[in-house]
Amino acid sequence: MVKEVARAIRRGTLTRDGYAVAEGFRLVSEALRSGCELGAILVAQSVRKTLEERVPELRGGSLVIVADNVFRKIASTENPQGVMALVRPPMWVLGDLFARRTPVIVLDGVQEPGNAGAVLRVAEAFGAGGCIFLKGTVDPYNPKAIRASAGSVFRLPLVVGIGVGELELAVKARSWPMFAAMPRDGVPLDGADLKGSFVLVLGSEAHGVSDELAQLATPLTIPTTEVESLNIAVAAGVILYEAWRQRQRSGPKILAEHTRQ
């Protein structure tokens, strides 16, 4: 088991049995709060008692005690807290993301797991319906992405590995507008109608949105001074907040309802 966990962490993916590796007390607690199934919990010998005190829900669970030096070798952080859990993430299909009729995020070729995870956090915060990780995009269950999401990865509907063609069909079937975040020459954010349902494409910081997707979407630009572009998580936050603000002015308190779910 320890070797399989180490492999998943090293590759930045799920284990062969489909478990994500959540490292640290906070993420283990978030997984429990999200109602996810937990498999084994790996605990460094020196923190076993601390685990039972900080996460009492795990008492009687399937604990695997690991020597401290072994735990440090397999952990993805420099200063591990001595606990990691195998978490079964929820299974979603594309229709689940569109069902809430709130913005759906598409990550196109994003490679930095910390940025991808931060986008998930922002998306959940502002009531997005879910996030699509297109082919060629980092795995949302990369340990760094999981940490950056602060647990949102266990709650926000996700679909991984679809192509542009499948995305195009899904969007056209629902007649949703699709926007692509661009650093310049797009519709200014304050001039865009974001009250209804829409799809927002975010490209990698190195290459931006792919030409194939750019041709299908309306370019959307956040006006800035001095700087040319924003980190994708910052851009996602600005755009999704503006969409939430417009929805709040035109209809029911969507964010509050989403947060209570």
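Predicted model: local features only at pLDDT ≥ 70, side-chain atom pairs only at ≥ 80, totals over all residues.
Local features need pLDDT of at least 70, side-chain atom pairs count only at pLDDT 80 or more, and totals for chains, interfaces and linings use all residues. Residues are numbered from 1 along each chain as its sequence is written, and side-chain values use heavy atoms, with hydrogens and water left out.

**Serine 197**
- Serine 197 sits in the loop joining strand 9 (187-188) to strand 10 (199-203); strands (E, at least two residues) and helices (H or I, at least four) are DSSP runs numbered from the N terminus.
- Its relative accessibility is 14%, so serine 197 counts as buried (under 20% relative accessible area; exposed is over 50%, partly exposed in between; 1.4 Å probe, protein chains only).
- A polar atom of the serine 197 side chain lies 3.0 Å from the backbone oxygen of arginine 101.
- Beyond residues up to four places away in sequence, serine 197 touches Arg101, Thr102, Trp176 and Pro177, where contact means heavy atoms within 4.5 Å.

**Serine 149**
- Helix 7 (residues 143-149) contains serine 149.
- Serine 149 is buried, with a relative accessible area of 0%.
- The backbone oxygen of isoleucine 146 is reached by the side chain of serine 149 at 2.9 Å.
- With neighbours within four places in sequence set aside, serine 149 is in contact with Gly117, Ala118, Leu120 and Arg121.

**Alanine 67**
- Alanine 67 belongs to the loop between strand 3 (63-66) and helix 4 (68-74).
- Alanine 67 has a relative accessible area of 38% and is partly exposed.
- From C-alpha to C-alpha, alanine 67 and proline 188 are 55 Å apart in space, and they are 121 residues apart in sequence.

Key
Polar contact = N/O pair within 3.5 Å; in protein donor to acceptor, adjacent residues only side chain to side chain.
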